[in-house]
Amino acid sequence: STENAAERAATHLTKNLVRMDRDITDETLPLEFLDELKKITNDFQIEKIKIFTKSGQVIYSTNQADQGTLNRHDYFHNQVASGEVFTKVVQKGKKTMEGRAVTADVVETYIPIIHNGLFVGAFEIYYEITSQNV
């Protein structure tokens with residue numbers, strides 16, 4: 001399914017970050033990883049990508065305005081922070097979990113980043129599915 005494809009893309013990206021041996025912060029994001037994110041966003045149907053610290057702060061986003069914002073929502077702190085993937089299909093014109101109206105049909109997916117059994121951060125990917133059957 002499309003949701004599985006979105007999860008696979010996010011999980012693939014997560015593996016590159018999990019190799020780091022410390023918490024994810026804007027100082028610890030490797031530049032080559034950020035370059036890879038830009039390529040992947042262009043190559044795949046990814047509308048937006050964010051990387052969160054374990055506290056829910058956005059330390060990277062393909063939308064500059066998100067930098068430094070904090071995700072205070074229960075689904076992030078209860079589900080994602082406990083190691084569970086969170087996925088939701090959002091139709092064009094509807095609002096995402098964070099309250100943003102999307103301009104295309106997307107799968108909003110949060111993938112926890114776990115290192116040595118501990119939650120160190122999360123990925124959020126908006127995988128565009130407008131051209132596919134939902």
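Phe52 is buried, and so is Tyr110 (buried means under 20% relative accessible area with a 1.4 Å probe, protein chains only). The model is predicted: local features need pLDDT of at least 70, side-chain atom pairs count only at pLDDT 80 or more, and totals for chains, interfaces and linings use all residues. Residues are numbered from 1 along each chain as its sequence is written, and side-chain values use heavy atoms, leaving out hydrogens and water.

**Exercise 1.** Work out how the rings of Phe52 and Tyr110 are arranged.

Solution. Start with the cut-offs: rings of Phe, Tyr and Trp (its six-membered ring) pair if their centres lie within 6.5 Å; planes under 30 degrees apart count as stacked, over 60 as edge-to-face and the rest as tilted. Here the centres are 6.1 Å apart and the planes stand at 35°, so the pair is tilted.

**Exercise 2.** Now classify the pair Phe76 and Phe119.

Solution. The ring centres are again 6.1 Å apart, but the planes are at 70°, so this pair is edge-to-face. Phe76 belongs to helix 3 (residues 74–79) and Phe119 to strand 5, so the contact ties together parts 43 residues apart in sequence. Both Phe76 and Phe119 are buried.

**Exercise 3.** Which residues do ring pairs link into a cluster?

Solution. The cluster consists of Phe52, Tyr75, Phe76, Phe86, Tyr110 and Phe119. The structure holds six aromatic pairs.

Note on methods: Buried means under 20% relative accessible area, exposed over 50%, partly exposed in between (1.4 Å probe, protein chains only). Helices (H or I, at least four residues) and strands (E, at least two) are DSSP runs, numbered from the N terminus.
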